[in-house]
Amino acid sequence: MHNLWIVFLTAIFLSTIILLYRNRSRIRSSPSSSLPLGTLGWPLIGETLEFISCAYSDRPESFMERRRRMYGKVFKSHIFGSPTIVSIDAEVSRFVLQSDSKAFVPSYPKSLTELMGQSSILLINGSLQRRVHGLIGAFFKSPHLKAQITQEMESYIQKSMGSWRDDHPIFIQDEAKNIAFQVLVKALISLNPGEEMEFLRKQFQEFISGLMSLPVNIPGTRLYRSLQAKKKMVQLVGKIIQERRNINQPSKVPKDVLDVLLNDSSQLLTDTLISDNMIDLMIPGEDSVPVLVTLAIKYLSDCPAALQQLTEENMRLKRLKAERGETMTWSDYLSLPFTQTVITETLRLGNVIIGVMRKAMKDVEIKGHRIPKGWCVFAYFRSVHLDESQYDWPYQFNPWRWQDKNISSCSFTPFGGGQRLCPGLDLARLEASIFLHHFVTQFRWVAEDDSIVNFPTVRMKRRMPVWVKRRRDYS
């Protein structure tokens with residue numbers, strides 16, 4: 001019986017390979033095909049293993065660069081289980097980002113879609129996506145929230161940095177995570193520091209660990225543990241939602257994102273959709289913003305000229321506000337020109353978000369290339385941001401390059417684009433500006449060697465340890 005099973009499974013495997021090769025032959029030999037050049041790699045696994053191998057290296061874009069030299073800036077491949085058109089062409093990527101759901105819809109690895117759920121803002125499409133995105137984006141841009149974020153960010157920073165001791169190592173990535181997560185959760189559901197916040201943080205760390213895991217949902221697996229953590233978070237958020245609904249009187253001025261979604265009159269937003277999206281929107285507090293802050297401090301540590309100019313700019317503003325007896329506002333932080341160029345250059349060089357994946361809902365033609373219906377498109381931002389035809393000395397940290405460069409060009413897309421442009425991009429800049437301001441005006445530091453890990457998410461390998469010494473030239 002055992003031998004029969006081996007024969008049976010072998011027959012299925014060989015049949016699958018034959019069918020795949022036949023399909024590939026049709027793709028390659030079709031006279032009407034205008035697919036980009038490239039290769040689909042091995043049966044079943046395609047070129048996924050080589051892509052991941054490069055992603056773990058110091059130059060993750062090397063996978064793309066080798067194929068660019070052979071096939072051009074748009075080429076075909078087969079990664080993460082799907083035939084894929086890869087774009088490292090700024091114009092093609094912009095076209096994909098700007099297209100609506102009739103042409104492209106989000107496409108992500110199975111583990112991520114299972115964890116996010118079908119009601120996630122990352123996965124929903126059409127009018128519902130536009131509604132949710134619009135409501136959240138408008139609130140994130142509101143002066144009320146920016147003022148609230150500024151006040152709370154400063155409070156958490158002062159509390160955290162007040163406990164730092166001279167000549168003791170501080171792990172910047174951990175500190176930034178602790179602060180940014182609390183600030184964002186407060187903006188989302190008005191949860192204050194305490195037992196529930198710590199419970200939420202613990203479950204969220206368990207949840208986010210499974211975003212790029214094997215798509216196997218059985219007890220003991222990484223995906224299973226992450227899904228269990230999400231259930232616990234959904235229960236907590238659901239309890240808060242129910243408490244708000246029991247009030248039966250929507251607040252005239254929403255105090256958080258939860259209020260904004262609960263006050264929506266369209267009746268399209270179910271409690272499940274709201275709670276799922278509250279959790280998904282916590283990701284920047286655990287991942288994107290802390291990494292942005294950490295990378296900025298790493299690059300500044302390696303570039304004394306930039307550090308000196310940024311410090312002098314922030315010192316001038318701090319002295320001015322002290323002389324006038326005024327507190328810092330969000331507009332003060334965002335008005336610091338060199339600080340903003342440092343953040344912009346960090347986004348370009350660090351590539352906190354390396355790219356996005358979309359699935360074609362119909363055959364699409366762009367710049368002479370055909371993207372077949374059902375295929376994925378991988379718009380790989382990192383290669384565009386490091387393209388020497390777009391940026392001089394692209395691997396060099398040079399914030400001065402942005403003093404005369406347009407950050408709205410199609411060659412700079414750190415927050416995506418189109419209808420799915422990250423709604424929190426202004427808040428990310430604000431939080432990074434506040435952290436950098438307080439850090440450089442309160443401390444001098446010496447950074448230990450650390451390396452950037454680029455897969456599955458961007459982070460510092462050793463969490464960016466620095467030895468701090470409190471400044472005496474300004475109190």
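**Ground rules**

I am working with a predicted model, where local features need pLDDT of at least 70, side-chain atom pairs count only at pLDDT 80 or more, and totals for chains, interfaces and linings use all residues. Residues are numbered from 1 along each chain as its sequence is written, and side-chain values use heavy atoms, with hydrogens and water left out.

**Entry 1: the sheet**

I looked up the strands first (DSSP runs of E, at least two residues, numbered from the N terminus; helices are runs of H or I, at least four residues). I count two strands as paired if DSSP finds at least two bridges between them. Five strands make an open sheet with mixed pairing, in the order 1-2-8-5-3. Strand 1 and strand 3 (104–106) sit at the edges with a single partner strand each, so one side of each has no neighbour in the sheet. On average, neighbouring strands are turned by 35° against each other, direction ignored. For that angle, axes are lines fitted to C-alpha atoms (for helices, over the stretch in contact), and angles run from 0 to 180 degrees between N-to-C directions.

Next I checked strand 1 (residues 74–79) for burial, where buried means under 20% relative accessible area, exposed over 50% and partly exposed in between (1.4 Å probe, protein chains only). Six of its six residues are buried, so strand 1 is largely enclosed by the rest of the structure. V74, K76 and H78 are buried on one side, and F75, S77 and I79 on the other.

Strand 1 pairs antiparallel with strand 2 (residues 82–87) over six bridges, and S77 has T84 as its bridge partner. The two strands form a hairpin with two residues between them, and F80 in the turn has a positive phi of about 50°. Further along the sheet, strand 5 (residues 355–360) and strand 8 (residues 376–380) are antiparallel over five bridges. There, V356 stands opposite A379.

**Entry 2: salt bridges**

I searched the whole structure and got 30 salt bridges, taking one as a side-chain nitrogen of Lys or Arg within 4 Å of a carboxyl oxygen of Asp or Glu.

- E286 and K177 meet at 3.5 Å, N to O. E286 is in helix 13 (residues 283–286) and K177 in helix 8 (residues 172–189), 109 residues apart. E286 is buried at 6% relative accessible area, while K177 is partly exposed at 23%.
- R244 and D259 meet at 2.8 Å, N to O. This pair links helix 10 (residues 222–247) to helix 11 (residues 257–262), and both residues are buried.
- D332 and K321 meet at 2.9 Å, N to O. D332 lies in helix 16 (residues 330–334) and K321 in helix 15 (residues 304–324), so the pair ties together parts 11 residues apart in sequence. D332 and K321 are both buried.

I also noted one network in which salt bridges with shared partners join E47, E50, R66 and R67.

**Entry 3: cavities**

I found four cavities of 30 Å³ or more. A cavity here is a set of points on a 1 Å grid over the protein atoms alone where a 1.4 Å probe fits but cannot get out, and lining residues have an atom within 4 Å of a point. Volume is the space filled by probe spheres set on the points.

The largest cavity has a volume of about 130 Å³. Of its 14 lining residues, S99, S101, F104, Q419 and R420 are the closest to the centre. Helix 6 (126–140) and helix 4 (90–98) each supply at least two lining residues, and helix 6 gives the most, with three.

Methods: 1 Å grid on protein atoms, 1.4 Å probe; cavity = no way out; pocket = protein on both sides within 12 Å on 5 of 7 lines; lining within 4 Å.
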